[in-house]
Amino acid sequence: MTTLYLLLALIGTAAWITATVSQRLKALERRADRLEHRLGLVLEHFDIEEPEPAGLDEVRALARDGRTIEAIRVYRRVTGADLREAKQAVEAL
């Protein structure tokens, strides 16, 4: 019976930790979104264009040749984007 209580306590603790970490992650994501928005406003105010990362010419060439997977791979390497963002960007080219 003691083992069962210990197991339940461990499961409860793991659930609490997971929920806490998840809430903190969501808060950080919201903060990052707000900071990106503010940075965009500052860049727009000062009429500054964000420079294009080096290597996008290679991505365009791969996409133009129909080598989409390679283009996505290079886009991710060049920009640090996640898979979904890279796929959307390459498809937009």
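**Chatting through a helical chain**

Student: Which residues make up the largest nonpolar core here?

Tutor: This is a predicted model, and its largest nonpolar core has 10 residues: Leu56, Val59, Leu62, Ala71, Ile72, Val74, Tyr75, Ala81, Ala86 and Val90.

Student: Which helices each supply at least two residues of this core?

Tutor: Helix 2, helix 3 (68–79) and helix 4 (83–92) each do that. The largest share of the core is 4 residues, and helix 3 provides it.

Student: Let me pick one, Val90. What is Val90 in contact with, leaving aside its neighbours within four places in sequence?

Tutor: With those neighbours set aside, Val90 is in contact with Val59, Ala63, Thr68, Ala71, Ile72 and Tyr75.

Student: OK, zooming out. How many helices and strands does the chain have?

Tutor: There are 4 helices and 0 strands. Read from the N terminus, the elements go α-α-α-α.

Student: And what's the radius of gyration of the chain, next to that of a compact globule of 93 residues?

Tutor: The chain has 22 Å, while a compact globule of 93 residues would be near 12 Å. Along the principal axes, the C-alpha atoms fill a box of roughly 65 × 40 × 20 Å.

Student: What share of the residues is buried?

Tutor: Buried residues are 11% of the 93 in the chain. As for the surface, the chain exposes about 8,100 Å², and carbon and sulfur atoms supply 58% of that.

Student: What about contacts between residues at least 6 apart in sequence: what percentage join residues at least 24 apart?

Tutor: Of those contacts in the chain, 23% do.

Student: Switching topic: where is Asp47?

Tutor: Asp47 sits in the loop between helix 1 (2–45) and helix 2 (56–64). Asp47 has a positive phi of about 55°, although it is not a glycine.

Student: Is Asp47 buried or exposed?

Tutor: Asp47 counts as exposed because its relative accessible area is 69%, and the cut-off for exposed is over 50%.

Student: There's another Asp, Asp57. Where is that one, in a helix or a loop?

Tutor: Asp57 is in helix 2. Asp57 is exposed too, with a relative accessible area of 58%.

Student: What does the side chain of Asp57 make a polar contact with?

Tutor: The side chain of Arg60, at 3.1 Å.

Student: Last one: how many residues apart are Asp57 and Tyr75, and how far in space?

Tutor: They are 18 residues apart in sequence and 10.0 Å apart in space, going C-alpha to C-alpha. Tyr75 is also one of the core residues we began with.

Conventions
Residues numbered from 1 in each chain as written. Predicted model: local features only at pLDDT ≥ 70, side-chain atom pairs only at ≥ 80, totals over all residues. Heavy atoms only, no water. Buried < 20%, exposed > 50% of the residue type's maximum accessible area, 1.4 Å probe, protein only. Core = buried A, V, L, I, M, F, W, Y, C linked by side-chain atoms within 4.5 Å. Contact = heavy atoms within 4.5 Å. Polar contact = N/O pair within 3.5 Å; in protein donor to acceptor, adjacent residues only side chain to side chain. Rg over C-alpha atoms; globule rule 2.2 N^0.38 Å. Areas by Shrake-Rupley, 256 points an atom, 1.4 Å probe, with all protein chains shown as cover.
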